[in-house]
Structure formats: structure tokens, C-alpha cells
Amino acid sequence: MKPFSRRGFLKAMAVGAGAVVGTRIPGSSLIGVARAATPEPTSVVCVYLDGGINAIFTGADAFMNTAFGVTANNATNMGGVFVDNALANAIPQGIRNRVASVGIRHGISDHGNAQRSLFMSGNASAPLMLADSIGGSGAIKAAVVGGNSLPNGARPAPVNGVSLQPITDMRATIEAIAGAQSAPNIADRGGAAKGVAAAQAMSTSVLAKHKASLSSVDQGLTAAVATLNKPVQPFNVADFNQAYGLNGTNVNNFAARMAAAELMVRSGTNFVIAQDGGWDTHGDTNGNNVRNMVTQRIAPGLRTFLTRMVEGAASERNVVVAIFGDFHRSLPGSDHQANLSALVIGKALKNATSGKTDARVGLAANTPGIAGFWQLLGAASRVDQSPFGANPHTTLV
Amino acid sequence: MRALIATTIVSLLVAACAFEDTDSLTGRRGRGGADGDNAVDDGTNPDDGTTPGADPTQPGTCKEGIPHPGFANVDFVGDRKPGAIGGDRRRVKPYSALRSEFQRALGNVPAGLAASAAAYGDVPARWYQEPTAGAVSLYTTYTLAFTACFETITAPSFGQAPTAESAPTECAKLQRKVWQRSPTPDETKACADFTLGLADEPVARRRWAHACASVMTSAGFTTY
């Protein structure tokens, strides 16, 4: 036996400390260990308006009686955050004191660059970094509902094994999460878990040769195996259809996307993005075009989601909803402004704004950029170690 | 006289072609020395642009073309990323191809396929989106394939539980048919190991159906 030494003692302590810390390190969902990097089940849901977001939804007071048709009668003051009524009506009374607007002075006025940059942190995917850092026990940690990519068609590389999974059908997703009914000619869940793992083993050489073109197959097989190895979670398509006013299970409209977002949040997904197109609203000088689109397309599903998942589930989970787009619409022609504010809603948020636009849709010169936005989302998620660094929007959380 | 001139011109053309460095056009490795089928590449020719002993399918092991400078002397192919020969060519099969592919591989189409378009993210008519796979679509493939496989494997041999002899044999046969290529020993072993490992499944036919569904869910079937 080796004699006891100070160096040996310190080494042993370091190993022990490493083992303890290791159980708190986020990521690597593949080993099947639930890791709590947040104090409660946590999800960030991004509602992305493809093309841009008018500032009347994040700071309408800047245009009172001067632009975009804003008057005292069509905007609601939520503790200093003025939101146009088209969107305000979708926010339940009980959480209106949990609404903030965050400024993002990104200096970008072209769609492609804005859409790419808003979802990157350095060379990595910011959503996947956030999903990884939140930890938790969900098999699918990041999902895009009603599509298969981030804005601009981006399909990000996984971060610590966390990949972005497409959710395009409620029934099929529920079957994967909850398992299908038992019958002689239907695959049982245990056998399917092993079978998909075997399929992945049989795919090794093909996937190695076609790493980039078949990356979705590799990531999908990994996520499928993880999903099938999780305990069954009971969900019912009819419940979602009734709550969100849906007729089928195809995730092909905004209400269905919010229903799918709820399904994924309930199943333990940390990051969900729901996109809506048609927001490059040039010429919408009185704001009526965007008001109508919010009222008709966005508000119904969003209201149901906020009511059930932010207001109704506040005691059991932390759900943060961020509503934003490529950039604000500029004056006078509702064109491209090289900044934006995002409306962020969740129980960790306070009524405050760090993105108060002026009458020309400008933001203060010291407003943080895209990094600050993800730093805020990290803080609102209450992750114990944010991969983005300290939150500069300290008044909002 | 006219015949003499014509003959001279043809001779000059033939001679010009003979001096052309054909290898610079075809990329053939046997440059200099012997010709045609007698060319020998011993890997010592310093001008052939290859790296002796390296995998010839990998980038950097052979000449990759000449620069194409354009305006401001910018090489307009300079941002092309080198890739291995034959790499990243396979793509995910679209939903629209699955019906005929199930028919080809198994001889029947699962009844649930028609109602599963949304699970694969099928796109509207006259719209294109590169198909991708995901956890849900791959699980859907597995469950559909299991049902189709179960209905297909009715031969008496599939009423017997797989053995160390029958599992590799049947797996290899199935893989060859479904993938339209011969499987590697490792691929067949993965299938056989899975089939033999399903000992808690009491119905032999279901064990074989799982093996079949697994092959149908692998990249050999779900991609092309």
C-alpha cells in the first residue's frame, strides 16, 4: 500500500469533486441520465416571424399618434411595455406582469444574414447550446415544429449530442413518445428500441461516408433510440385538437405549431421553434397588415399556449416564450431596420424593457446585440451555467 | 497536287495529336514511359500529383484541378470544399418514393403508409424541399415496416426461432434484397445479433419481423 501523501490526498479530492461536478454537467443525452441544470422543467419556445417584426408589438408607445396607426386605443401598457392590442389580446391577464421587451442592436438589414446570425453563438447553434445547457430528461431536447430547419433553411450541427428534430405530425410524434397500441402485427416499444439501435449499427458505414448529406439520418436514429428508451408518456391527440381548434394531426398551420410546441414542452423538450412566414411587410405604413396577420394567424394558437403552458403550468415548469423576427420594420415605408426588440414572456421575466425604440425605430447606442439576447434567455431559463455568459439585460430578469 | 496537300494537312494533324499530353486531359495516372494498358504506376513519379500509400478517394491525394482566375485575379472555384470521391452523395428518400420502395423490397405496402405523409414532412404539390429524416419519421418507418414485414414473412421457416445459423443467413438475404447490394460482414452481424438477442419475444415470426423492420429502417433503405 502506498504511503499517504499530500499530493495523493489532493488528487483523490480532485477526482471526487470531478465525479460530483460530472453529474451536473449538461448535455450528452445519450447516456440516459437525467441531469438537472435548471431547478425545474424548463423550455424556451421561440415564435419566429419570418421577414421581420413590427415594433408596435414590442414598444408601440414610440409611435403614438405618429406612425404605424398607433393610438391610445389600440395598444396596451403592460408595466411600461406597450404592446399592440392584436398581440396583447393573446397574452392572458395573469401573466401580463411577466412580459418584457429585449433590445437586439444587430446592425443587420438583410434577411439572410439576420436569420443566420440570430441563431448563432460563435460558430455553434445558439438554440442547441441553450437546449444542451438546460439539461433535463427529455429524449428530444430541441425541436422545430411544422418544418425541418431553423430560419433561412439552417440545419445546425449537433451540440454535445443535442440535435434539432423536426416535428411535422402530432399523431406520429405521440406514438413515438407514448407507444402504439399492442397487436400481433404492430411493433412493441421494447423491440422497436432495440431494432432502431440495430438499424443505426447497420448504417454505420453508409453514414460515415455521407456524413454531411445524411446527418439528419444519423441524428434522427440517435434521437429515436433515446425516445424509445424513455418511459412512456400518455398524450391524446384529441385533447390537443380540442384545445387548439384543430381538425387533423398535420402540423401545417400556426395553431398546430403551438399545439406541437405544447406536446414537445410537456415531453421534456428544452427548445422549440415555431415559425410563421409572410412578415416582410414592405409598404405596411399603417400597421394594419401585421395587425391582421397577428389577429388571424398568430393570436389564437399563441393565446392557448400561453394560457396552458405559461400561466397554467407556472407551478410545475418554467416556460419562456420569445416572439421576434429578422428585424424591426423601418419608417416611413415599413422596410428593413437594422435592429429589433423581442417580446419575452415567462415567469422569470419582469415588466421592463431594454429595447425601447424611438420614434424612428432606433435603439439606444449601448443596446446589446445578438449575444445579449441569448444571454437573457439563459438567465430566464435559470440554467446554472449559461453557455452564453452573464446577462446584460439585468433589469428584465 | 490537291491530294498531296490534303495528305500533308492530315499528317500534320495526326502528328499534333500524337504530341498532345493525353493524361493532362484524362487524369490518367500512367504518365510518361509506357502507353495505354501497359502503363505502370509504381508510385514514384513525382509529377503525378498523388501521395504514395494514401487513400486515393480522399481529398489531397491527387491533383484537384487548376485555378480559374477571373476578375481581380480571384479564383472563382477557390471556395469549393474538398471532399472524398463518392462521399456525401446519398440523400434521404422522399415520402413519395416509399410506396414503390416498400413494394419492391417486401412485395406489399403497409396500410398505414398512406396516412403517414405528415410524419415525413411531405411537402405540398409543386413545392420542393430536400427530404430530411428525424426521430419521428424513422420510428414511423420502423413501425410501418414491422407491419409490412409481419404480413410478408409467412414461410414455415419463419415460424422457427432464429438460430446462430439461420439469423446471419436470413439477415444477409434480406439486406441484399432491401439494399440492392451485398452487405458487409459487420452489417449482417449487427442484424443477426439483434435478431438473436430478442429472446424475450416469444413469437418467432415477430422476431423475424423485427429483424426485417430494422433492415428497412437502416440507411441502406431509407436513403439512396
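## Salt bridges between the chains

B:Arg206 and A:Asp188 form a salt bridge, with 2.9 Å between the closest N and O atoms; the term denotes a side-chain nitrogen of Lys or Arg within 4 Å of a carboxyl oxygen of Asp or Glu. Between chain A and chain B the count is two salt bridges, and over all chains the structure holds 18.

## Basis of the model

The model is predicted: local features need pLDDT of at least 70, side-chain atom pairs count only at pLDDT 80 or more, and totals for chains, interfaces and linings use all residues. Residues are numbered from 1 along each chain as its sequence is written, chains are lettered from A and ligands numbered from 1 in the order in which they are written, and side-chain values use heavy atoms, with hydrogens and water left out.

## The interface of chain A and chain B

In chain A, 48 residues are in contact with 47 residues of chain B, contact meaning heavy atoms within 4.5 Å. About 3500 Å² is buried between the two chains, and carbon and sulfur atoms give 62% of this area. Buried area here is the accessible area (1.4 Å probe) that two parts lose on being put together, summed over both.

The rule finds 26 residue pairs in polar contact across this interface, both residues being at pLDDT 80 or more. A polar contact is a pair of N or O atoms within 3.5 Å; within protein, one must be able to donate a hydrogen and the other to accept it, and residues adjacent in sequence count only if both atoms are side-chain atoms. On the side of chain A that touches chain B, the elements giving two or more residues are β10 (164–167), α5 (170–178), α6 (189–202), α7 (204–209) and α8 (215–228) of chain A. Helices (H or I, at least four residues) and strands (E, at least two) are DSSP runs, numbered from the N terminus. With nine residues, α6(A) gives the most to that side.

## Helix α5 of chain A

Seven of the nine residues of α5(A) are buried, so this helix is largely enclosed by the rest of the structure. Buried means under 20% relative accessible area, exposed over 50%, and partly exposed in between (1.4 Å probe, protein chains only). The buried residues are A:Met170, A:Ala172, A:Thr173, A:Ile174, A:Ala176, A:Ile177 and A:Ala178. Their cover includes β10, α6, α8, α9 (237–244) and α10 (254–266) of chain A, together with α4 (135–152) of chain B.

Just after the helix, A:Gly179 takes a positive phi of about 85°.

Strands β3 (residues 75–78) and β4 (residues 81–84) of chain A run antiparallel and are joined by four bridges; two strands pair if DSSP finds at least two bridges between them. A:Ala75 stands opposite A:Asp84 in β4(A). The two strands form a hairpin with two residues between them, and A:Gly79 in the turn has a positive phi of about 60°.

A:Asp276 lies in strand β11 (residues 271–276) of chain A and is buried, with a relative accessible area of 5%. Not counting residues up to four places away in sequence, A:Asp276 touches A:Tyr48, A:Leu49, A:Asp50, A:Phe254, A:Arg257, A:Arg297 and A:Ile298.

## Helices and charged pairs in chain B

B:Ala148, in helix α4 of chain B, is buried with a relative accessible area of 2%. Leaving aside neighbours within four places in sequence, B:Ala148 is in contact with B:Phe102, B:Leu106, B:Asn108 and B:Pro110.

B:Glu101 and B:Arg104 meet in a salt bridge (3.0 Å, N to O). These residues are three apart in helix α3 (residues 95–106) of chain B and so are separated by about one helical turn. B:Glu101 is buried, at a relative accessible area of 14%, whereas B:Arg104 is partly exposed, at 27%. In helix α5 (residues 166–179) of chain B, B:Glu170 and B:Lys173 also lie three residues apart, about one turn; the closest N and O atoms of their salt bridge are 3.5 Å apart. A further salt bridge joins B:Arg181 and B:Glu187 (3.0 Å, N to O); B:Arg181 is partly exposed, at 26% relative accessible area, and B:Glu187 is buried, at 3%.
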